[in-house]
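I opened the file to look up a few features. My notes follow the order in which I checked them.

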Amino acid sequence: MSTSSAPSRILRVGQVVTRLAAHIQSGDEFKDLWIEGEVVQARSSPVGHVYFTLRDNVGQLQCVLFAMKAAQIALTPRDGNKVLAHGYIELYTKDGRCQLQVDDLRPAGAGDAYLRLEALKRRLTAEGLFALERKRPLPTAPHRIGVVTSPIGAVWHDIQQIVARRDPRVELILAPAQVQGIGAVESLIAALDGLAQIRDLDVVILARGGGAAEDLAPFNDEALVRALARFPRPVCSGVGHETDVTLADLAADIRAPTPSAAAELVVPDSGGEQLRAQRAWRRAAARVRERIDERRRRLETARRGGNGSTKRAGRSTARSRVRCRCGGSVPSRHSAGSRRSRRSPFWDGATRSSKARTGTSARRSRRFGPASVFGSGCATGAPARWWRLSNAMAEPEVSLDKALERLEAIADKLEDPALDLDEAVRLYEEGMRLYAECAKRLDAADLRITHLADALAKQARERGAS
């Protein structure tokens, strides 16, 4: 070609890369590819995309695994891993870069076994064994838990420690099983079948530690999957590490990333439950105190009003004779019966008893007017009935004070974070019984006060009319 001749066809860069991109994407040559290579320069973006490079002795190819696909793939590309990456080639016109957009990853050298596993997975999925509709929720407060795992591994020890820490009331039943090697599938199924015969079993944990793909092979067996699907109780699987997803995980009602996480998922932390109970108790105790204080104020107000009315009633009876409902009459304070009644040691004893019970200053009270205000008795019956009535009002007050002291003691105990849950529940129930009893007594006292106030008002009206 002569250097002096002008080029007959000139292409812009954009034209070239656009044509290359169209050529790559128009045919099937660069679609549905499985490419083997070593992972280098692997990194993740904040949103979950994974970028890495596949290389061999001849060349290298940039790859991207977007976050949505990465969440569905158990294998995470790491530097030095040899993998099979599936996807298609695309060319970015802006920088002329070719890239493999990855939608699946598997370990290199596991081709045939992986394909068989994928075929089994598709078949069992079509049968509905992995369907979300058949998943059962875990019990909220399990009491008896079955565990299928090796009795000599660290997994069983870890599960015991976690459950004891979270809720020591839970009962664990170990169904020992072989978790890898020849005979492991049969051993796991036998353990599940044994647990299925136990009554009052709430849930089962199927667990083993991490391992290579061949070590986890029993948990990809079709027979084990079907045994899990027919198990009568919810099953939580915790097999391998977080990146290991087996068919047993898909068949279980819930999958945990590790055996320890399975124990935490199955057994709620009783400390949180106890804290909620304590908060509920404190709210109830506050309502109890408010109600008791309100009732005590009303009782004191009524008692003070009753003392004043008693004095006025005594002066009024000195000037008149009042008819009893029973048909008799009450003599005035000048009569011998009245004097004996006013000086009755029975009445004095009642006054002293009332003073001791209530802690208030008790004075000698003149006899109320008609004894029928408080009952059917006349004259000498009035003080006796009043003694009973005053005690009936005084006794609940003393009882309420004692009950309140006990309620406060219970509240203090429930503040202790080390309190056993069973003891906390027992104390809470005792407190609620005390609350109910106090409320009943307060209602009775209210009723008596109302009757007394009505009687005093009626007596005042009768005096005014006379």
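**Model.** I note at the start that this is a predicted model.

I looked up the strand order and found five strands closing into a barrel, in the order 1-2-3-5-4. The pairing in the barrel is mixed. On average, neighbouring strands of this sheet are turned by 50° against each other, direction ignored.

**Strands 6 and 7.** Next I checked strand 6 against strand 7 (residues 171-176) and found that they pair in the parallel sense, over six bridges. One of the partners I traced is Leu-172 in strand 7, bridged to Ile-145. I also asked how many residues of strand 6 (residues 144-149) are buried. Five of the six are buried, so strand 6 is largely enclosed by the rest of the structure.

**Largest pocket.** The volume of the largest pocket came out at about 1400 Å³. I counted 39 residues in its lining, with Ala-74, Leu-75, Tyr-114, Thr-243 and Val-245 nearest the centre. Helix 2 (67-70), strand 5 (97-107), helix 3 (111-127) and helix 7 (247-251) are the elements that give two or more residues to this lining. Which element gives the largest share of the lining? Helix 3 does, with six residues. I sorted the lining by class and got 21 nonpolar, seven polar and 11 charged residues.

**Cysteines.** I searched for cysteine sulfur atoms within 2.5 Å of each other, the cut-off for a disulfide. The count is zero disulfides. I looked up the accessibility of two cysteines as well. Cys-63 has 1% relative accessibility, and Cys-236 has a relative accessible area of 0%. Buried means under 20%, so Cys-63 counts as buried, and Cys-236 is buried too.

**Glu-264.** My last entry concerns Glu-264, which lies in helix 8 (residues 259-266). Is Glu-264 buried, partly exposed or exposed? Its relative accessibility is 36%, so Glu-264 counts as partly exposed. I also took its C-alpha to C-alpha distance to Ile-159. Glu-264 and Ile-159 are 8.6 Å apart in space, and 105 residues apart in sequence.

How values were computed:
Residues are numbered from 1 along each chain as its sequence is written. This is a predicted model: local features need pLDDT of at least 70, side-chain atom pairs count only at pLDDT 80 or more; totals for chains, interfaces and linings use all residues. Side-chain values use heavy atoms; hydrogens and water are left out. On a 1 Å grid over the protein atoms alone, a cavity is a set of points where a 1.4 Å probe fits but cannot get out, and a pocket is an open set with protein on both sides within 12 Å along at least five of seven lines; lining residues have an atom within 4 Å of a point. Grid points are joined across faces, edges and corners, and a volume is the space filled by probe spheres set on the points. Helices (H or I, at least four residues) and strands (E, at least two) are DSSP runs, numbered from the N terminus. Ala, Val, Leu, Ile, Met, Phe, Trp, Tyr, Cys and Pro count as nonpolar, Asp, Glu, Lys and Arg as charged, and the others, Gly among them, as polar. Buried means under 20% relative accessible area, exposed over 50%, partly exposed in between (1.4 Å probe, protein chains only). Two strands pair if DSSP finds at least two bridges between them. Axes are lines fitted to C-alpha atoms, for helices over the stretch in contact, and angles run from 0 to 180 degrees between N-to-C directions.
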